[in-house]
Amino acid sequence: MALTACKKEIDFDFHEIAPVVVIEGRVTNEGSFVTITKSRSVTDSVRSRCLPGAVVAITDRDSTVVLSYDASSDSYHADMKGVAGHSYRLTVEFEGQHYESVATMPAAAPILSAGFYWMKMLDERMLVYELWATDPNPDERNYFWFRMDRRSTHPHFEGKNMTEPYRWNVHDDRGCPPGKLFLDMICTSEKAMDEDEEDNWKHILYEGDRITFQLMTVDQSVYNYFASLRAGQGGGANPKSNIVGGCSGYFAAGTVTRSDTIVFHRSHVQEWTPVVYSAGLVDL
Amino acid sequence: MRRRLVLISFLVVTLACQAQHHGVVVGDTLQEVTVTSRSAQKRVDEVQIGVEKVDIATLASVPSLFGEKDIIKSLQLLPGVKSESEASGGYQVRGGTSAQNLILLDGATVYNAGHLMGLFSTFNDDALMSGSLYKGLVPAQLGGGTASVFDISTRSGDLHDYHFGGTVGLLSAKVVAEGPIQRDRSSFLFAGRRSYLDFFLKTSDEYRDNTLHFYDANLRLNFHLSQRDVLSLAFFRGRDNMGLADMMDMEWGNTTATANWLHTFSDNHYANTKLIYSDFVSDVGIDMLNIYYTMKGYIRHATLQHQQSYRVGRHHRFNYGLEASFLQLQSAEWDINLLHQRERRRALTGALWVGDEWQLGNRVELSAGVRFHLFSVLGGAPYYQIDGEGNITETTERGSGTIVKTYADVEPRVSAKFKLNKLNSLKVGYSRTSQDIHAISGMTMSMPFDRYTMTSNIVRPEQADQVALGWVGITPHGDYDFSAETYFKNIRNVYDYRDGKAFYSEIEIERLILGGKGRAYGMELCAHKNKGPLTGWVSYTLSWSENQIEGINGGKWYTASNDRRHDLAVVGMYQMSPAWELAAIWRYNTGQALTAPSAKYDIDGTTFYYYNERNGYRAPAYHRLDLSATYTKKLQKAMLIWSFGLYNAYCRYNPFTIQFVNDEDSPTGTVVEQTSLFGIIPSVSFTLKF
């Protein structure tokens, strides 16, 4: 005779649909790749691998580079490194269909500082990752995507598939001080770290975890894709792809900057104090 | 969400207590308010099709969640009215969303009428006299909600004697006091309620940093200034404060004040002049998108209304009037890091109406009227033109005294009753209604931090056309009465968030929304047993609800989120003895429309779900049994009432939310998680009244 709210797994009959083509493409200062996969049934646990047989090309102004299928990197790959300010056109011919997209590559946002802090929020201490970078284009609204990865040797993660990022999201520069970008990413609470419950393991950072972080400046169409991808999962809507042709996915041209790898030690985490930047000066 | 559910279960464990008392309705009934006993004969005689009169005394005998008597929850037992979700205070009428309901308390508009995220409503039954729910077919003197208008009146204090009552429970405490200010000339009524759950929370380590309290207070003053003049003043204030450490901090509530001067020219002619003020505020501090920020919104109305009712001969009763309101709406004010943004708009709105209740011979009664509705968007704030993608293409800024745009429309309201014989009548009706304040809810339940927007240069007024046909019948001695009604409704300019947008995406709300249309149709059946020790009713609704919004589902018609095919409520009250009364409710509805994925795919190492059809699935069916037993003992000058209740008596875990979650340990990689809000909840309460 339980009085409390409860959660339980239920059986569910999913409707089946014909697989949908999903294209992920990136042109960055570090190289370019495109993956082509298909959606799978909700009850199929095997992750998709990149499908061969497509003709994939990226055009920059007058030159076109054809990307070749590379099984070892599970993608279509080319050494082509993107240049800030250029617009790139992606074309894909796959199974008789034509897909196309254009993305413009913004300039880099060099990272000024990044680290973990304890921040007091509503009477709890939260572990926060704070990052400061230079806004490449202070007079306009800028968009960026970021991803934090964590490599852990903690027994909790033994045998687990770690392809998912620790955190990712897209952001814009609203509310940042002029000329700067900043980000406060809330990782977890001190209390959750102390209690170490299984539901929270994927949020808790453990001693010795290697944390890498990359920031990529993107254009508005890519920002809209990722923002709607995230928001749509809760609301049951598909994201707005910036690729024309009837597939899911996105094509991004962006400049990547990376912060130094941090080996996480709880004792190294400082108390957060406000960082004050005045326009034009860099005080750290 | 999980945290909140755990918190609610904690407060449940502390044993909710409440009082149930048989409201003693005393005091003069003012001429503008018809005595509303939901008696069988009144149901049959009513000319207006599509109206449900709610009787506070009946409401008191029906079992309820936590034992809290709730006029809004009791509405959901009536045909055509559905609950929004288990905990939500919103209700849905004839395929409409809860944002399309207008709730009036003594004429003042009340928004988000729920305490504790809607576990129960902000209306204290001690202060209420009656309520009339118009299910979309509304007489000409009311306007502002396309799906329904719920017109609630507070009661006035006893002009002759003093009465006091008190209720003490673990969930909340209530007091009520009424009596003459000057015997036979003026009276007061005060009803107040406050929760003190937070005192219990402070004793628990885990919940010590959580705040959870609400209060509401009603005050009504009545003055018989002369033989012909009555002045009544009504005040209401309700507030909720909820803070869940490390998640959010919310405060919201309504304040209303109404002054009503009733002047009686003669037995056949009277006038009401009202001055009304209402203020709904919501103040939310949330952490979202890794940034902590606060959001404040408000909606304020200041209204002057004058109406007259004039009976001419035996066949006509005319009703005419006008009203003018000044509206201020702040859809949001927030701080994102160093950026402070705010969107605030003002408008003038007015209406003129004329109607007649016309008795044509012995068999036909007609209620016909027309309402002329005006809305003027005022300058003093930026207005935009927006392209297909939601980007601003043009901004206009006009001075605060100027009118940016005016909308005017004519809304006919007709309802007719054909008496087939003494025991049977047919009813038919048509109404056009419109609405200028639109709550945009990004989720399936309305929340206090829904953003609101007002009709503007580009947001058109929402408008609905409804047509209904019905039959009512009663047995010769009134033992049983029956009704059947069918309706069809068309709605234009319904707004919802674009895919992928939420209330925080931009300060300019018009960039985030898309307009479309909806339609709803269905049938409602109801049977009442009115006499004998066992009384009650059975109500059944069969309904469809669809939307068509460009940009969603490929621009095609799709099942609306609030579509739910069958709804059944069985209510029974058994007077076992003079002291003991038993009651039971059984509810059953077939699955709520549900959007579920049909495939999944990988992006950048993470698996995401693909949604092929909006609302293409159904949640499992919902059913629940509630029981209560009330013991009343009359003492010399007082009355003692003990009430025992059991909510969800056979402990069915009904679906509250259903989520699709990646799980590596599952053979399919996905688990479908159903969260249920309530198991079985007992309640005990005690009341003392003088």
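1. Domain bounds here come from an automatic or database domain assignment. With that in hand, chain A splits into domain 1 (21-106 + 225-254) and domain 2 (111-220 + 256-271). The C-alpha centres of domain 1 of chain A and domain 2 of chain A sit 26 Å apart. Keep in mind as you read on that this is a predicted model.

2. How do the two domains of chain A meet? On the domain 1 side, 11 residues are in contact with 11 residues of domain 2 of chain A. Three elements of chain A, namely β8, α2 (220-235) and β15 (248-263), each supply at least two residues of the side of domain 1 that touches domain 2. Of the contributors, α2(A) gives the most to that side, with three residues. By type, the residues on that side of domain 1 of chain A divide into five nonpolar, four polar and two charged.

3. Now chain A as a whole. Its secondary structure comes to two helices and 16 strands. The radius of gyration of chain A is 21 Å, close to the 19 Å that the globule rule gives for 284 residues, so chain A is as compact as a globular protein of that length. Along the principal axes, the C-alpha atoms of chain A fill a box of roughly 65 × 60 × 35 Å. As for burial, 35% of the 284 residues of chain A count as buried. If you look at the contacts in chain A with a separation of 6 or more, 67% of them are between residues 24 or more positions apart.

4. What sits between β7(A) and β8(A)? The two strands form a hairpin with two residues between them, and A:Glu95 in the turn has a positive phi of about 50°. Recall that β8 of chain A is also one of the elements supplying at least two residues of the side of domain 1 that touches domain 2.

5. Before moving to chain B, a word on confidence. The predictor gives the complex an ipTM of 0.92 and a pTM of 0.80. Chain B averages a pLDDT of 83, and 86% of its residues score at least 70. Over residues 1-38 of chain B, though, the pLDDT is below 50; beyond near neighbours in sequence, this stretch has 107 contacts in the model. Where pLDDT is low, the predicted coordinates should not be read in detail.

6. Chain B has an open sheet of five strands in the order β1-β8-β9-β4-β5, with mixed pairing. β1 (51-55) and β5 (108-109) of chain B stand at the edges, each with a single partner strand, so one side of each is left without a neighbour in the sheet. Within this sheet, strand β8 (residues 128-134) and strand β9 (residues 148-154) of chain B run antiparallel and are joined by six bridges. B:Ser132 stands opposite B:Asp151 of β9(B).

7. Further along chain B, strand β38 (residues 622-634) and strand β39 (residues 639-647) pair in the antiparallel sense over eight bridges. In that pairing B:Thr630 stands opposite B:Ser643 of β39(B). A hairpin joins β38(B) to β39(B) through four residues. β39(B) pairs with strand β42 (residues 681-689) of chain B as well, antiparallel over nine bridges, and B:Met639 has B:Lys689 of β42(B) as its bridge partner.

8. Where is B:Arg398 placed? B:Arg398 is in the loop between β22 (392-397) and β23 (403-421) of chain B. Leaving aside neighbours within four places in sequence, B:Arg398 is in contact with B:Gly379 and B:Val404. The C-alpha atoms of B:Arg398 and B:Gly179, 219 residues apart along the chain, are separated by 52 Å.

Notes
Residues are numbered from 1 along each chain as its sequence is written. Chains are lettered from A and ligands numbered from 1 in the order in which they are written. This is a predicted model: local features need pLDDT of at least 70, side-chain atom pairs count only at pLDDT 80 or more; totals for chains, interfaces and linings use all residues. Two strands pair if DSSP finds at least two bridges between them. pLDDT is the predictor's confidence in each residue, from 0 to 100. Two residues are in contact if their C-beta atoms, placed from the backbone, lie within 7 Å. Ala, Val, Leu, Ile, Met, Phe, Trp, Tyr, Cys and Pro count as nonpolar, Asp, Glu, Lys and Arg as charged, and the others, Gly among them, as polar. The radius of gyration is taken over C-alpha atoms; the globule rule is 2.2 Å times the number of residues to the power 0.38. A residue is buried if 20 or more other C-beta atoms lie within 10 Å of its own, exposed if 12 or fewer, and partly exposed in between; C-beta atoms are placed from the backbone.
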